[in-house]
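I set out to record what this structure shows when its parts are looked up one after another. The entries below follow the order in which I worked.

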Amino acid sequence: MINFGYTRAATIGEAIQAVAGDPQARFIAGGTNLVDLMKYGVERPGRLVDITRLPLKHMEDTPGGGLKIGALVPNSDLAYDARVERDYPLLSSAILAGASAQLRNAATTGGNLLQRTRCYYFYDAAAPCNKREPGSGCSAIGGVTRVHAILGASSSCIATHPSDMCVALAALGATVHVEGPDGARTVAFEDFHRLPGDAPEKDNTLAHGEMVTAIELPAPRFGSNHSYLKLRDRLSYAFALVSVAAAVELDGDRIAEARVALGGVAHKPWRVPEAEALLKGETPSPDAFGKAADRLLEGAVGQGENDFKIELARRAVIRALSQAAAGTPQVQSNKIVN
Amino acid sequence: MSPAQSGSAPEPVSVTLSVNGQTHTLSLEPSVTLLDLLRERLHLTGSKKGCDQGQCGACTVLVDGRRVNSCLQLAVMKDGAEITTIEGLGTPDRLHPMQAAFIAHDAFQCGYCTPGQICSAVGMLGEGHAHGPEEIRELMSGNLCRCGAYTNIVDAIEDARRGREAPTLGTPSLEAAE
Ligand SMILES: Cc1cc2nc3c(=O)[nH]c(=O)nc-3n(C[C@H](O)[C@H](O)[C@H](O)COP(=O)(O)OP(=O)(O)OC[C@H]3O[C@@H](n4cnc5c(N)ncnc54)[C@H](O)[C@@H]3O)c2cc1C
Ligand code: SF4
Ligand code: FES
Ligand code: FES
């Protein structure tokens, strides 16, 4: 690892100033992604600004009946929080489907949002990669593409966002609280991450020096009608090939509202409101879920090696929505898919 | 806060932390990981470097009682922390019940993953979310064993979890030391 300067920030303002005033400076929280990338020489910050002492470790109820989660709440604490387990079990489940218990203990809410792609070529500092080195080309196109996108990719980059937590946050309609040198703002979750287009070096819409301070969830709904289904190359401790966060609100035997977001398939969690709208007023059935899946996957293209993901995603959507409608969410410990 | 000047030589940072009950004050370059501090500077070589990328769990230690991968932690960020490594859990004549359970169940072959497995298992029981073998398997998935001793590892941890006495050793109740 190259050496770098270190600043232990005492206040949010101090941290923002330290990063905003130095193009080579970066925030560091749990370190589980940034330190890894620094060892590979993929990230080469001149200075790390340690934000772990900042007062962003709390969760509080919001006046609207929602929950505001500080950016430094560890992933494990969030997943096992009694309110989250009760009111947002989809979020708990998605977090527990990711990484390992040790990593979740260290990883933070904010850092999880900002984690970078697991594209093999992005990690290989010797390979051309537009995300790492703008203008150098994309080694993945025509290469090994098992973990790559089937939706929303560009001719510059076909990487996916690897987070599980973010897929649930997209489905739940979270809001991101951001603070920067010019003050605070909020961003709707779907506008936080971006598609690669011709600027794949930008994973999201944060400006340099802007810090995620909290994630806010709207008032809970969906009860036990949710499921996080993650499909991967081994049963645990592996990134998703395809994952689905599904939630439905039932009115009698009809669907009043459905949410479905896909992970592992695009540069951001993939959600299509028109696909969800197709389910309004329908009785839950594989046929109705299949139509929604087709709409959600409209325009999907494989890269050759990852063509299988299109059919896998379609089936996973149907399965996850069926689990959600039945109130039998996917269990993350035994992995038996019912 | 020190002034942020990129490109200037990185200033060593003074860090005070406790390792297995002993306080150390050190001057460290920011790039030193907690694992390298333990192994290279403090010569506590029980914690192992398997992958150095968070992918194997061999480096698992307890930081303020929570299990983490020490290879992905920067030591300078752990100022004020209490670290426990395998060396701090027990001694050859006073084994930690988890160590005793691993021996009793023959839960290793080469032993390289074992310190990480044991620290991780102790951390897991402290977390309180493992209620049987199925959950132990899932919540221990961050610890790989290339010798494939998984069956016996799960048995050992389940035994320790139940607070049973390790069969062949006259150790005190396992629960007592948790
Ligand atoms: C072996 C392995 C397996 C994994 N498996 C999974 C998996 O299956 N699913 C999954 O979802 N994740 C997985 N992860 C990734 C893990 O979830 C992330 O590394 C973690 O969430 C990052 O959080 P952190 O706090 O450690 O971030 P850091 O490493 O500290 O930071 C990551 C990035 O976020 C920035 N940052 C951090 N906090 C803020 C903030 N508040 N505001 C602005 N910027 C910020 C940093 O500058 C940096 O660029 C895995 C990781 C490893 C090493
Ligand atoms: S897919 Fe994106 S991240 Fe991967 S090599 Fe191409 S440009 Fe880089
Ligand atoms: S050495 Fe730290 S996880 Fe492998
Ligand atoms: S005992 Fe050899 S790696 Fe686990």
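**Entry 1: the interface.** I began with one pair: the side chains of B:Glu11 and A:Arg47 form a salt bridge, with N to O at 3.6 Å. By the rule, a salt bridge is a side-chain nitrogen of Lys or Arg within 4 Å of a carboxyl oxygen of Asp or Glu. I found four salt bridges across the interface of chain B and chain A. I also found 23 residue pairs in polar contact there, both residues at pLDDT 80 or more. A polar contact is a pair of N or O atoms within 3.5 Å; within protein, one must be able to donate a hydrogen and the other to accept it, and residues adjacent in sequence count only if both atoms are side-chain atoms.

I then asked which elements give two or more residues to the side of chain B that touches chain A. They are β1 (13–19), β4 (66–69), α4 (114–127) and α5 (133–139) of chain B. Helices (H or I, at least four residues) and strands (E, at least two) are DSSP runs, numbered from the N terminus. By class, this side of chain B has 15 nonpolar, 18 polar and 11 charged residues. Ala, Val, Leu, Ile, Met, Phe, Trp, Tyr, Cys and Pro count as nonpolar, Asp, Glu, Lys and Arg as charged, and the others, Gly among them, as polar.

The contact (heavy atoms within 4.5 Å) takes 44 residues from chain B and 45 residues from chain A. The two chains bury about 3600 Å² between them, 50% of it on carbon and sulfur atoms; this is the accessible area (1.4 Å probe) that two parts lose on being put together, summed over both.

**Entry 2: basis of the values.** This is a predicted model, in which local features need pLDDT of at least 70 and side-chain atom pairs count only at pLDDT 80 or more, while totals for chains, interfaces and linings use all residues. Residues are numbered from 1 along each chain as its sequence is written, chains are lettered from A and ligands numbered from 1 in the order in which they are written, and side-chain values use heavy atoms, with hydrogens and water left out.

**Entry 3: chain B.** I noted six helices and five strands in chain B, in the order β-β-α-β-β-β-α-α-α-α-α along the sequence. Of its 178 residues, 52% are buried; buried means under 20% relative accessible area, exposed over 50%, partly exposed in between (1.4 Å probe, protein chains only).

**Entry 4: helix α6(B).** In this helix B:Ile153, B:Val154, B:Ala156, B:Ile157, B:Glu158, B:Asp159 and B:Ala160 are buried. The buried residues pack against α3 (97–104), α4 and α5 of chain B. After α6(B) comes B:Gly163, with a positive phi near 70 degrees.

Entry 5: Most residues other than glycine have a negative phi. I therefore recorded B:Asp64, where phi is near 50 degrees and which counts as exposed because its relative accessibility is 52%. B:Asp64 lies in the loop between β3 (60–63) and β4 of chain B. Phi of B:Asp106 is near 55 degrees; this residue is in the loop between α3 and α4 of chain B.

**Entry 6: A:Glu216.** This residue is in strand β8 (residues 211–217) of chain A. Its side chain makes a polar contact with that of A:His177 at 2.7 Å.
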